[in-house]
Amino acid sequence: MSRQDFVRSLLCVAGACAGLAAPAWAETHIRIMPPARATFAVGQQFDLRVEATSTTATAPTGLRVTVDGTDVTARNVAPAPGVTGPTAGPSHTANVLVRAYSFTRPGAHVIRATTDDGASAEVTIDVGRWQVSQAGVPRAKNIIFFLGDGMGIAHRTAARLLAHGVTEGRANGALAMDTMPVTGQVMTPSLNAVVTDSAPGMSAYSTGNKANNNQEGVFPDNTEDEFDNPRVEYIGAFLRRMRGPGFNVGLVTTADLTDATPAANAVHTAQREASAEIAARYFDERAQNGLTVLMGGGRRHFEPVSTATSRKDGRTLTTEFRQAGFQVVKTRAELLALSQASPAPKALLGLFHPSHMSVAFDKVGAARYSDELAQPRYADLRDQPMLDEMARAAIATLSASSPRGFYLLVEGASIDKRAHAADSERTIWDTIEFDRAVQVALDFAQTTNSDRDPSNDTLVIVTADHECGGLSIVGVGNERYAPEATGRATRDYVAVFRYRPGQAQLLNFFTNYERAADGYPADPDPSRKLLLNWAAAPDRFENWLSNRLMLDPAVSRAEERDGVSRRVAVANVLRDGSAPNSDNKSVEGQAVPGFLVEGVIENGKDSCTEAEGCAGDTSSVGHPFSGHTATDVVLSAFGPGAWQFTGTYENTAVFLKMLRATTGDWTLPGLAPRQTAPARR
């Protein structure tokens with residue numbers, strides 16, 4: 001491979017090949033961001049970046065950029081060739097960066113770049129209309145966006161089956177999200193991979209554009225700085241700029257507040273794990289991002305008061321938020337007391353955990369079927385709110401203090417995090433918790449959408465950023481082989497549908513969960529439980545019983561091969577295993593050893609070094625956790641503009657659909673102008 005071809009291949013991997021072109025004689029390759037087929041809304045701001053990369057040591061000269069034939073090079077704010085530093089590109093590149101560009105005209109637009117040596121590239125992007133109201137079409141003043149992180153169709157189905165059950169083939173009840181009248185199917189790939197991570201998965205919805213994995217609200221660039229990438233305006237910031245300061249934004253999550261999904265609604269960065277700076281930008285950029293509600297975990301990024309803090313600058317953000325008018329709460333008791341106060345606070349910061357919040361299984365099952373929070377390290381963390389309680393408080397604050405409307409993101413984060421751990425019960429309990437928060441939003445929307453005021457309506461959307469774990473519902477437990485009855489785990493517990501002509505079915509093929517008053521199953525391990533499997537999981541042990549403690553399915557172990565130490569993922573014998581020292585019993589409180597389930601994802605067994613020919617990240621990695629998958633996800637919608645969300649579409653298409661719902665710039669003949677929320681389940 002020539003050096004020129006090698007450079008071009010690296011550029012393709014770094015940010016897709018769209019916009020890369022050069023004639024055969026040129027020594028320059030050009031990358032344009034945004035890439036071809038990017039879509040923006042009329043008036044939406046984005047940064048335009050063009051990078052001309054030489055195959056020699058000398059930077060290209062004469063880089064010129066036009067938009068629809070108009071030269072915009074003079075607006076360049078990128079460092080000149082020869083300048084060094086984290087915001088400068090490599091020395092053999094010339095770069096043009098134009099900040100806050102936007103279009104006033106819908107339709108196709110062409111960005112073109114050329115250099116003195118004859119290299120050229122161009123991309124065509126599309127700009128969508130959203131501000132032309134249609135007569136008689138309702139408008140959404142508010143948008144409540146629910147993101148079940150990692151939630152595929154199997155997660156939703158399992159939650160319904162556990163929460164409500166089935167009798168004579170019919171569901172005994174519905175999830176709140178099941179009752180929403182409109183359903184669509186969303187494609188989820190990121191800019192640089194068919195399998196997305198959560199950062200570009202969320203920012204595709206909130207910006208209308210694809211991003212690289214690990215990045216949120218930005219396009220890739222060739223600099224080292226993690227916060228200088230070309231930005232794309234988020235829907236909350238955009239609507240706040242369009243409507244004015246009376247429009248506000250809220251972020252509610254069961255994760256660390258600086259985690260990928262919440263951050264991908266307000267902070268622009270190429271590094272989703274830059275938590276301390278993300279927390280700071282929530283505060284520093286609040287005039288632009290409109291944040292007035294923040295609730296979740298991640299307290300260690302807001303306070304420099306513990307050894308676990310990520311803050312190295314000495315800032316105490318909780319104090320700064322409080323001084324800026326935010327009410328700060330740190331426990332469920334404080335939140336509930338605040339929720340009963342009148343009027344609701346104008347701004348609210350809730351920090352309920354140093355990291356990710358505890359999961360629903362451990363909160364509602366404490367002292368019954370979970371021992372997780374009984375551990376001494378959780379002594380100060382046993383008073384955390386549920387997601388529906390946070391959602392209710394967020395809606396109260398936003399609806400009271402947002403005369404021009406609001407955008408609220410509510411994330412069920414540990415649907416994904418426990419799916420990564422192939423932890424069936426904790427995954428589905430969190431899906432049920434998430435659905436209970438959806439009901440809170442539907443109750444609010446029922447009020448706004450059925451009153452006599454058509455100017456206060458609310459659009460509610462429920463979807464996922466991707467599927468996690470390759471979850472499937474494989475069967476129902478055959479009581480004859482129940483592990484608690486036999487004292488061992490066997491595949492024969494997984495009953496599969498059978499039909500024998502002329503013979504009556506004796507096998508009871510329905511689950512026997514009992515629903516507790518709190519809406520969750522009273523016992524996670526009935527004799528006929530719903531049995532789940534994980535197609536994208538690592539090697540693991542399975543005994544079909546819930547785990548009283550949170551344990552990883554696999555662990556990373558050092559193995560020597562050819563004199564080189566390599567990290568290999570192997571099944572964790574302490575979770576459902578059969579360790580001879582009885583670790584299974586001492587860790588989980590029961591002694592039902594499981595059997596090995598071999599995974600199919602990479603485990604690092606055949607990893608190799610640079611010297612062995614594995615350049616960069618091309619070697620396998622020992623993954624001790626489940627991966628995301630490329631499976632499409634479901635989207636459910638209720639409220640003004642909901643009928644736009646039928647069909648199958650890219651995740652990026654949701655952005656314009658939401659905007660059009662806010663103005664009534666959509667028409668579908670024969671549909672009722674306003675929707676009344678479905679009856680509560």
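This is a predicted model: local features need pLDDT of at least 70, side-chain atom pairs count only at pLDDT 80 or more; totals for chains, interfaces and linings use all residues.
View 1: Residues are numbered from 1 along each chain as its sequence is written, and side-chain values use heavy atoms, without hydrogens or water.

The structure holds four cavities of 30 Å³ or more. The largest cavity comes out at about 140 Å³ (the space filled by probe spheres set on grid points joined across faces, edges and corners). Its lining is made up of 14 residues, and those that lie nearest its centre are Ser424, Glu425, Glu542, Trp544 and Leu545. Helix H13 and strand E22 (530-534) each supply at least two lining residues of the largest cavity (helices, H or I with at least four residues, and strands, E with at least two, are DSSP runs numbered from the N terminus). Strand E22 gives the most to this lining, with three residues.

View 2: Look for Trp544 in the loop between strand E23 (540-542) and strand E24 (554-561). Phi of Trp544 is near 70°, a positive value in a residue other than glycine. Trp544 counts as buried because its relative accessible area is 9% (buried means under 20%, exposed over 50%, partly exposed in between, with a 1.4 Å probe and protein chains only). Now hop to Asp576, in the loop between strand E25 (564-571) and helix H15 (583-588). Asp576 isn't glycine either, and its phi is positive, near 70°. With a relative accessibility of 2%, Asp576 is buried.

**View 3: Tyr369 and its ring partners.** Searching the whole structure turns up 15 aromatic pairs (rings of Phe, Tyr and Trp, its six-membered ring, with centres within 6.5 Å; planes under 30 degrees apart are stacked, over 60 edge-to-face, the rest tilted). In one of them, Phe361 and Tyr369 sit tilted, 4.8 Å centre to centre with 50° between the planes. Tyr369 also pairs with Trp429, this time edge-to-face, with 6.0 Å between centres and 70° between planes. Helix H13 itself is mostly covered, with 22 of its 27 residues buried.

**View 4: A ring cluster, and a strand neighbour.** Phe40, Phe46, Tyr101 and Phe103 are linked into a cluster by ring pairs. Strand E3 (residues 46-54) contains Thr53, which is buried at 6% relative accessibility. Thr53 and Thr28 are 25 residues apart along the chain, yet their C-alpha atoms are separated by 5.4 Å.

**View 5: Two cis peptide bonds.** Going from Met33 to Pro34, the peptide bond is cis, with omega near 20°. You'll find Pro34 in the loop between strand E1 (28-33) and strand E2 (39-41). The bond from Ser342 to Pro343 is cis as well, and its omega is near 0°. Pro343 has its place in the loop between helix H9 (332-339) and strand E16 (348-351).

Key: On a 1 Å grid over the protein atoms alone, a cavity is a set of points where a 1.4 Å probe fits but cannot get out, and a pocket is an open set with protein on both sides within 12 Å along at least five of seven lines; lining residues have an atom within 4 Å of a point.
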